[in-house]
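Here's a quick tour for anyone opening this one up for the first time. Have a look at the sequence and the fold, then read on.

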Amino acid sequence: MSWASARVVAAGCAGPLSPLWVPLSEALGCRLAAPLTALVAVPGVDVAAMDGYAVAGDGPWRVVGRVLAGGAFHEGVLEAGEAVEGATGAPVPVGAESVLPYEQAVAGAVWVDGRAEAGRHIRRRGEDITEGAVVLGAGAVVTPVALGLAAALGHDELLVRPRPRVAVLVTGDEVVEHGLPRPGRVRDAIGPFLPGLVEWAGGRVTDTLRLPDSAAPLRAGLAAPPTSLHVIVVCGASSRGPADHLRAVLGDLDADILVDGVAVRPGHPQLLARLPDGTLVVGLPGNPFAALAASLTLLVPILHGLAGTRGGGATGALT
């Protein structure tokens, strides 16, 4: 199959995952499935932007109360000639015209004087964001800043497109995970790069399993995948050598072979199949360069399809 045709097949075999409501702690990296709106105004009430005195009318002012952040002025409307001492972020009384900062105030036991600028140092309700305003559109990536914004706007959960869940099966008797390989052995270079590539394409690696070159462990790994898995990536075993068991195991499992080899160098012995339960299997060659080419050919379009980005979801440099 041509490289372009293989990518079309990969992109077409995976539709967008259904939106889910998830807590903020699980939404990072997902894409919004609906616009993010403000459930509350920001700020929610008129608040002081400086430590000092909320004042009404001209000074000097008689100090009639004190309010800290989280508190409230319960004495009614602030009348001309009155002041309420307060902290930054504290609600200002109804009737307050400005805040006189401590640095500009001359204070006594009951009275305070100074030069207050009309309208200064008060953040009015909804000045930053009005209640009901749309602050992020559907499809926006939930970044750390977006999580903080959602929390500030009153959200505990977000409706998102979930990130596709990927399991990785690394095969090969010759593959070692740590240290300097002995003669005849090689370091695993595919397992370490796959999580970053999957993340870059919008997915998430949830499990990594290392298997010997044998059909039985591979069959067990494919026959009993973790719950709610979308894609299994098999590293190695996709060619036709004596240690490559993927095709035979997929046949035993009644998998539907969608792509069996691609006209690309490196990486032609790559494979795409669908298990009877719908889980997709991507077979990568054991050579790291070939595995990268195969990942970009088959795995990345699949993840874009599941994430609902159709090729527009990965941003930033892969290398």
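At 63% relative accessibility, Asp254 counts as exposed (buried is under 20% relative accessible area, exposed is over 50%, and partly exposed is in between, using a 1.4 Å probe and protein chains only). Asp254 also has a positive phi, near 60 degrees, in a residue other than glycine. Keep in mind that this is a predicted model, where local features need pLDDT of at least 70, side-chain atom pairs count only at pLDDT 80 or more, and totals for chains, interfaces and linings use all residues. Residues are numbered from 1 along each chain as its sequence is written, and side-chain values use heavy atoms, with hydrogens and water left out.

- Asp254 sits in the loop between α5 (246-252) and β19; helices (H or I, at least four residues) and strands (E, at least two) are DSSP runs, numbered from the N terminus.
- His121 isn't a glycine either, yet its phi is positive, at about 65 degrees.
- You'll find His121 in the loop between β10 (111-114) and β11 (122-123), and this residue is buried, with a relative accessible area of 18%.
- Val42 and Pro43 are joined by a cis peptide bond, with omega about -10 degrees.
- Pro43 belongs to the loop between β3 (36-37) and β4 (47-48).
- Another cis peptide bond runs from Arg265 to Pro266, with omega near -10 degrees.
- Pro266 is in the loop between β19 and β20 (271-274).

**The sheet**

- Six strands make an open sheet in the order β17-β14-β18-β21-β20-β19, and the pairing is mixed; two strands pair if DSSP finds at least two bridges between them.
- At the edges are β17 (204-211) and β19 (256-260), each pairing on one side only.
- From one strand to the next, the twist averages 20 degrees (axes are lines fitted to C-alpha atoms, for helices over the stretch in contact, and angles run from 0 to 180 degrees between N-to-C directions).
- Strands β18 (residues 231-235) and β21 (residues 280-284) run parallel and are joined by five bridges.
- Val234 stands opposite Gly283 in β21.

**Salt bridges**

- What counts here is a side-chain nitrogen of Lys or Arg within 4 Å of a carboxyl oxygen of Asp or Glu, and by this rule there are nine salt bridges.
- Arg66 pairs up with Glu85, their closest N and O atoms being 3.6 Å apart.
- Since Arg66 lies in strand β6 (residues 61-67) and Glu85 in strand β7 (residues 82-86), the pair ties together parts that are 19 residues apart in sequence.
- Arg66 is exposed at 57% relative accessible area, while Glu85 is buried at 18%.
- Asp128 and Arg123 form a salt bridge too, at 2.4 Å from N to O.
- Asp128 is partly exposed, with a relative accessible area of 45%, and Arg123 is partly exposed at 28%.
- Asp252 meets Arg219 in a salt bridge, with the closest N and O atoms 2.8 Å apart.
- That pair links distant parts of the chain, with Asp252 in helix α5 and Arg219 in helix α4 (residues 215-223), 33 residues apart.

**Cysteines**

- There are zero disulfides in the structure, a disulfide being a pair of cysteine sulfur atoms within 2.5 Å.
- Cys235 is in no disulfide, and the nearest cysteine sulfur, that of Cys13, is 18 Å away.
- Cys235 is buried, with a relative accessible area of 2%.
- Cys30 counts as buried as well, at 4% relative accessibility.
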